[in-house]
There are 2 protein chains.
Amino acid sequence: MDPAAPLKKFFATIDRDVIPHLSLDCVVFGFDGEALEVLLLRWRNLDRWSLPGGFVRWDESLDAAAQRVLRERTSLTQNLEQFHAFGALDRGGSEVRPAFAAMGVEVPEGHWLAGRIVSIGYLALVRFAEVRLNLGNVVEECRWWDVRARPPMTLDHDAIITRALDTLRIRARSFQLGGALMPEKFTMPELQRLYEAVLGHALDRRNFRKKVLELGIVEQLPEFRTGQRHRAANLYRARPED
Amino acid sequence: MDPAAPLKKFFATIDRDVIPHLSLDCVVFGFDGEALEVLLLRWRNLDRWSLPGGFVRWDESLDAAAQRVLRERTSLTQNLEQFHAFGALDRGGSEVRPAFAAMGVEVPEGHWLAGRIVSIGYLALVRFAEVRLNLGNVVEECRWWDVRARPPMTLDHDAIITRALDTLRIRARSFQLGGALMPEKFTMPELQRLYEAVLGHALDRRNFRKKVLELGIVEQLPEFRTGQRHRAANLYRARPED
DNA sequence: CGCTGGTTGCGTACTACATACACAACTAGC
DNA sequence: GCTAGTTGTGTATGTAGTACGCAACCAGCG
């Protein structure tokens, strides 16, 4: 079967299904216990990487479209946060048409996909372990990348990630990451490593604990993490949002 | 001459000139010394008010389009800040076509102007006195409104203003309004009234002065405001941005 | 010209929060 | 039982935010 068939089918109905000249890109952050990671994918026959993105259907809001894109790629059902609209003059244009061509679909010269595209940036904090990656048919690779060592990216996706990181760091400074990025049960030092990975610098153990507890963003469990050849750490879980 | 002629001319070339299904709305804030005001306009034959807005031309970025809209309406040349993209399902649609009809332009049923429109919200802080209002041909009224007493608005423009106000209040809490909203020379109590109008509550005179001075957002002038039947207040000006 | 009302400019005490650091408790391995 | 390594808890210090008192000053009036 023609590997480009699904893409061709998508392209055949694109003018009927989605808002033209508009796209959205999701910056999906996860945490593997060591570093902050971002979910990137590589389209067939392309060597640059891209953010998971998509278009907005006529029968769904921007927010709903972002949720759908996230769900299609990760099987997750959760809210995303819109953080910026990217509308520079050179967005799209020269780079999109060759990309589609590499995947086996010829975009006519006059088509909007060959022209300028405005993109809305969305941000998601997800539980690493709960993600079930779904490549689909035209994605060759999809994996997590350490945010500090990202591969070459298409279009302005690198700038989009940088902007999302800025937004994230502002939230981290006021301890507003919550436990969205953590596994269900975690220790205090593990949560601290997340904040340190986002902020990019070390924090004081004792002050961090004090702050997190007084803000009530975690709930103490009557369990401990053993087998670490040192004192067992208490386990916590993210407190359900009010 | 047909009063709808300019609008008809605009409509005739709209498909060639601008990105379809996309618009932008500018929330322009000014300060009259008493209350925080927002610039609104009323299109011909409509009874609801609207934000100054427009569409994005193919040869300009989102930011540049926002600057153009602001310049066309106020003759001001300055930056705006993008704060949110509004893309609910019911944006546009039923309300836009009757509005154009009231102004004398029949939008065909299938045209994108009769359908859903995503809008990018921009925010501007301008000097009240420097604004030179320009109505154009299809705007019947254009004036400042106290943000606390706004008229009935079209579409979701009321929610857009609310969101812009939230953004503004966040900035005010960390004294980041600067002097953009003040006249060239102003006293400390006058600046304080601006912050109070934005925040919606009173501030302490002495702490306000201390904070503003230590942040260095104003420059003291060797002049005083006299004729107030009480002690003359020192004049300041906004310090040029670094 | 002195007195008065009202406001501005300046300083000080108090409180809350963030930061810096010390020590005991505990687990696994030998 | 001893040790290495880390976690849990407490306390001291510094810095920023808040509350408030008082003198300086301008215009108007008797």
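**Entry 1: A:Asn137**

Leaving aside its neighbours within four places in sequence, which residues is A:Asn137 in contact with? I looked this up in what is a predicted model. With those neighbours set aside, I found A:Asn137 in contact with A:Pro3, A:Pro6 and A:Arg44.

I then asked where A:Asn137 sits in chain A. Its place is in the loop between E5 and strand E6 (139-146). I also compared sequence and space for A:Asn137 and A:Ala5: the two are 132 residues apart in sequence, and their C-alpha atoms are 8.8 Å apart in space.

Is A:Asn137 buried, partly exposed or exposed? I noted a relative accessible area of 48% for A:Asn137, so this residue is partly exposed.

**Entry 2: chain A against chain B**

I turned next to the two protein chains. How many residues of each chain are in contact with the other? I recorded 21 residues of chain A in contact with 21 residues of chain B.

For the size of an interface, I kept in mind that it is often given as the accessible area lost when the parts come together. Between chain A and chain B, the buried area is about 1600 Å², and carbon and sulfur atoms give 66% of that area.

I looked for salt bridges between chain A and chain B and the count was zero. The count of residue pairs in polar contact between chain A and chain B, both residues at pLDDT 80 or more, was ten.

Which strands of chain A each supply at least two residues of the side that touches chain B? They are strand E4 (81-86) and strand E5 (118-125). E4(A) gives the largest share of that side, four residues. By class, I listed twelve nonpolar, five polar and four charged residues on the side of chain A that touches chain B.

**Entry 3: DNA strand C**

I found 23 residues surrounding DNA strand C, and the closest are A:Arg206, A:Arg229, B:Arg206, B:Arg209 and B:Asn234. The residues of this surface divide into twelve charged, seven polar and four nonpolar.

Which atoms of DNA strand C lie within 4 Å of the protein? Sugar or phosphate accounts for 47% of them, and the rest belong to bases.

- A polar side-chain atom of A:Lys211 is 2.9 Å from a phosphate oxygen of DNA strand C.
- An N or O atom in the side chain of B:Arg205 is 3.0 Å from a base oxygen of DNA strand C.
- A backbone N or O atom of B:Arg229 is 3.0 Å from a base nitrogen of DNA strand C.

Technical notes:
Residues numbered from 1 in each chain as written. Chains lettered and ligands numbered in written order. Predicted model: local features only at pLDDT ≥ 70, side-chain atom pairs only at ≥ 80, totals over all residues. Heavy atoms only, no water. Near = heavy atom within 4 Å. Polar contact = N/O pair within 3.5 Å; in protein donor to acceptor, adjacent residues only side chain to side chain. Nonpolar A, V, L, I, M, F, W, Y, C, P; charged D, E, K, R; others polar. Contact = heavy atoms within 4.5 Å. Buried area = accessible area lost by both parts, 1.4 Å probe. Salt bridge = Lys/Arg side-chain N within 4 Å of Asp/Glu carboxyl O. Buried < 20%, exposed > 50% of the residue type's maximum accessible area, 1.4 Å probe, protein only.
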